[in-house]
Amino acid sequence: MERFKSNGGEHVNSAYDSTLDEPPIYETTFSNGEHRTVRPSVVSAFGHDTLDRVPNIDFYRNAGSVSGHRAVRPSLQELHDVFQKNGAISVPDTVEDDVEGSDGTPSDDLESAVPIDSKKGAVKFGWIRGVLVRCMLNIWGVMLFIRLSWVFGQAGWGLGIVVIALSCVVTTITGLSMSAICTNGVVRGGGAYYLISRSLGPEFGGSIGLIFAFANAVAVAMYVVGFAETVVELLKDHSALMVDEINDIRIIGCITVVLLLGISVAGMEWEAKAQIVLLIILLVAIVNVFVGTFIPATEDKKSKGFFNYNSKIFLENFMPDFREKETFFSVFAIFFPAATGILAGANISGDLRDPQAAIPKGTLLAIVITGITYLAVALCVSATVVRDATGNITNAIVPGGFCNGSTAVACELGYDFSSCEVEKCKFGLMNNFQVMTMVSGFGPLIIAGTFSATLSSALASLVSAPKVFQALCKDNIYKALYFFAKGHGKNNEPIRGYILTFIISVAFILIGNLNTIAPIISNFFLASYALINFSCFHASYAKSPGWRPAYKYYNMWLSLVGAVLCCAVMFVINWWAALLTYGIEILLYIYVTVKKPDVNWGSSTQAVTFVSAVSNALSLSGVDDHVKNFRPQILALTGSARTRPALLDLAHSFSKNYGLCLTCEVFVGPRSEALQEMNAGMEKNQQWLRKTKRKAFYAAVACDSFREGTESLLQASGLGRMRPNTLMMGFKRNWRTAGTESVQNYVGILHDAFDFEYGTVILRMNQGLDVSHIVEAEEEMLKAAKEQQALEKEMMPNGGKSRGLFRKSRKSSQQVLTTRVSVCGPPPPQVAKMNERLLEASSQFKKKQPKGTIDVWWLFDDGGLTLLLPYILTTRKKWKDSNLRIFIAGQPERSELDKQEMKSLLQKFRINCTDITVIDDIHLRPSSDSLRNLEDMIEPFRLHEGSKDTAQAEAMQKEQPWKITDKELSEFEEKTNLQLRLNEVLQQNSKSANLIIVSMPIARKESISDFLYMAWLDVLTKDLPPTLLIRGNHKSVLTFYS
């Protein structure tokens, strides 16, 4: 397989076929125009040909990548298995994946993205246009021009700085957490939803994604209404109202949304250009404010409270002056929504050229720039404008007179505003929302800035809502919403999402009470921030090796503080809106949890669950077992999980959700074949258990013999205190025809279980337990049907995706049809009837049990397991109509006393039963028919050495040591007769029971032959309803002490 070179010459492996061992070829041009460069050959890298491959990104791609191909490295078996001379080991270079995402479509393979020619491919943005500009426009809202002066008038610039700083702290911590999450792997479209869902799982992501998309849709209406109100104010000033104020707002609002929708639908490039124009207008308006503070104040401006920079004004405005029942928290609640908008860049993560680099850089820089801007504008205004002013020029006085009260500074500057202490004035920081217009160098620019702020925020929300919603729908968490997953055009634009957002926006513009809606929307955004912070904390706390963010400037405890701060701010803004947000999120979380979407994103929730499980298992190891906490931990030898459903269902009834249940399989045969079969079935069996809601684990081993495999399972299964303590297996019905080795293995397993101090349970059903032949037939039929379907699709002109699947199993049409005929052909009537009865019996314990009894024949004290297991059954819903009946062995002269003693014991154990029966005739000899049946049963396995001389008998025994000797039969005659007699008594008393439980007889090692012991078990349970033979490990599992 390998070729070696040296200075002295070259040795070539004659079986080596170079055409089968080439490195994967990646250089190809795909349908989307992408051209991928080939990597260097393995031969040139190492100097010799080898199946091994050098590390390459194509080996790590997800299934269903954009290119449709991912490279396949050789499997460990292909490198490790014995080399077959002239044997061809075919390692495909690439595989055409048929694995689909949860949305039914191939997931975007952004990790392989290469720079795309803007003329041909989709439009992708850098960190400035894609993140920085959007975030700044969203954070710079109308608050900057309309309410910022009022906030600093109420709180003073001392507490005003605290308001801005606290807001920036919350957004900065969130930005740091988001940066860490963004740089921990490839970021795709979906923004906040994508980050949260991939970190915390679909339950959190699905719930927050829906309300976040809805919040953005309603935010469009809020921003548009803010714009419309400003326009209507201008119309009112010029007496140009169309209808009335309310209807004019609706008309202008609807027209604006239509125009914004047109820009959005036209494509991201147009939307980005519009954002740049709006940013320029906004920057000019902000500069206009700073310029205006240096222009000497006119008399009109002075009468309205503006006096240019003055230290006395600045000092007067330092202290807070809360009025009209306002507090620090109420003022903070009004300002904080202005600081939101940091997710504007992340929300279009699918349209960024390099989201991992762009989102952290752009978002954090936007927070710094906007925070400084808010602070600078507010301080400039606080240093130039007094809190109260009349706006009346006639209030001018001669500076330097006696001044007192809250308007003392204005008095010193030549204006008497003392009337404002008596009645409310219209101007000043506290009263006039148009302070910025007054302060600025050119007033109309502030109006333009207000328009720009509202329209840019509306446009950003109009783009964000459909993008987030599309990502949510693609993941198919809410199946009813999958309609909105479809994208259009080169940028995969969510046109359907745009239309839905448009309808929601128009609806709220026309009928919504936005004053009520506003705090809910703010809380929706804050809930997203809280979960982003918690995601970062959770992923760090889990210490998962997969948590390796490239961005290192974060701290898990800081993220937790950020999450708590966000939750606190939610209640500060509006307590009932916070409660409503939590309520909606919890309901959506429960819905997604119940629906269990078929996705696996490697969330930190899984990692923490694992860490908790390990921690709890270790804690449990330090605690000694106590009889009160005993619960059966079942190791069930079911074979494949589907092979013995009755055994699995009964084992599951014992353990349910409260104990350990292992369904185990032993693969016997050549190691290579057994391992291959075992590895192929591991995930398949565990998935079947999960799908059928059996709370059990599948375990398998490969060994040379069944007994060796079971011995390995008995010794090594479990973890710490979470180890099985009860072996459960089916009765070997074919023991008379199975062969000596098979019987010896079976009985040997029982001996091993007793040696390892396991409780042992054997289930016998007349129809049998094994349905493997039926399961195999079903699987063959399904496989044949799939192959036929694949064949039909390949024959179609557009074979489509199915071609890739079909290439994996190339069978001719004739072979497929032959397989189908052989599998689907009806079995003989007798076999069909037997299979029908077997299937019916196999599903017996899956259904609710009819009204009846569970008969417990507690003949030997084994520690109480024989009594505990049936009691556990009666606590299960399926068995609640089955009552316990207890049967014990007793002597004729003291039957009543034995019954009272057992009744007293059961009362102390707090176990209820409907009847206690003392069987006082077990010691009687069994009937002649029973004896004759036993003789017929064991005849083929008897040695009959009694009629031979000693030497001959010893020779026979040495030659066939497994056979039943006459001496053994004679020695254990009483015990043998006991099993026969017990069966007769069972037939008389328990023939109509739903389930019979009997104490299992024990065979002493090297005293009782395997075939005699099997005969005991057979005659004991013959022709009875489903019967469990139980033997505990003779350690107490019941106690009457508290």
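How many of the 1042 residues of the chain count as buried? In this predicted model, 49% of the residues of the chain count as buried.

View 1. The chain, shown here as a predicted model, contains 36 helices and 16 strands.

**View 2. The crossing of helix α5 and helix α12.** Two packed helices are described by the angle between their axes and the distance between the axes. Helix α5 covers residues 148-182 and helix α12 covers residues 328-335, and their axes come within 9 Å and cross at roughly 80°. Angles of 65 to 115 degrees count as roughly perpendicular, and α5 and α12 are therefore roughly perpendicular to each other. On the side of α5, the contact is made by Leu148, Trp150, Val151, Gln154, Ala155, Leu159, Val162, Val163, Ile164, Leu166 and Ser167, while α12 contributes Phe328, Val331, Phe332, Ile334 and Phe335. Sorted by class, this contact of α5 with α12 has 14 nonpolar residues and two polar residues, with no charged residues.

**View 3. Helix α12 and the helices around its buried residues.** The buried residues in α12 are Phe328, Val331, Phe332, Ala333 and Phe335. Besides α5, the helices that the buried residues of α12 pack against are α4 (143-146), α13 (355-382) and α19 (556-573).

**View 4. Asn476, a residue with a positive phi.** Asn476 is found in the loop that runs between α16 (443-474) and α17 (495-511). Although Asn476 is not a glycine, its phi is positive, at about 60°. Buried means under 20% relative accessible area, so Asn476, at 16% relative accessibility, counts as buried.

**View 5. Lys656, in the loop between α22 and β8.** This loop, in which Lys656 lies, is between α22 (645-655) and β8 (661-668). Lys656 is a residue other than glycine, and yet its phi has a positive value, near 50°. With a relative accessible area of 28%, Lys656 is partly exposed.

**View 6. Ser717 and its contacts.** Ser717 has its place in the loop between α24 (706-716) and β10 (726-730). At 8% relative accessibility, Ser717 counts as buried. The side chain of Ser717 reaches the backbone oxygen of Leu713 at 2.6 Å. When its neighbours within four places in sequence are left aside, Ser717 is in contact with Leu635, Leu662, Ser712, Arg723 and Pro724.

View 7. Val627 and Lys1035 are 408 residues apart in sequence, but in space they are 9.0 Å apart, taken from C-alpha to C-alpha. Leaving aside its neighbours within four places in sequence, Val627 is in contact with Ser1036, Val1037, Leu1038 and Thr1039.

Definitions and conventions
Residues numbered from 1 in each chain as written. Predicted model: local features only at pLDDT ≥ 70, side-chain atom pairs only at ≥ 80, totals over all residues. Heavy atoms only, no water. Axes fitted to C-alpha atoms, helices over the stretch in contact; angles between N-to-C directions. Helix = DSSP H or I, 4+ residues; strand = E, 2+ residues; numbered from the N terminus. Parallel < 35°, antiparallel > 145°, perpendicular 65-115°, else oblique. Contact = heavy atoms within 4.5 Å. Nonpolar A, V, L, I, M, F, W, Y, C, P; charged D, E, K, R; others polar. Buried < 20%, exposed > 50% of the residue type's maximum accessible area, 1.4 Å probe, protein only. Polar contact = N/O pair within 3.5 Å; in protein donor to acceptor, adjacent residues only side chain to side chain.
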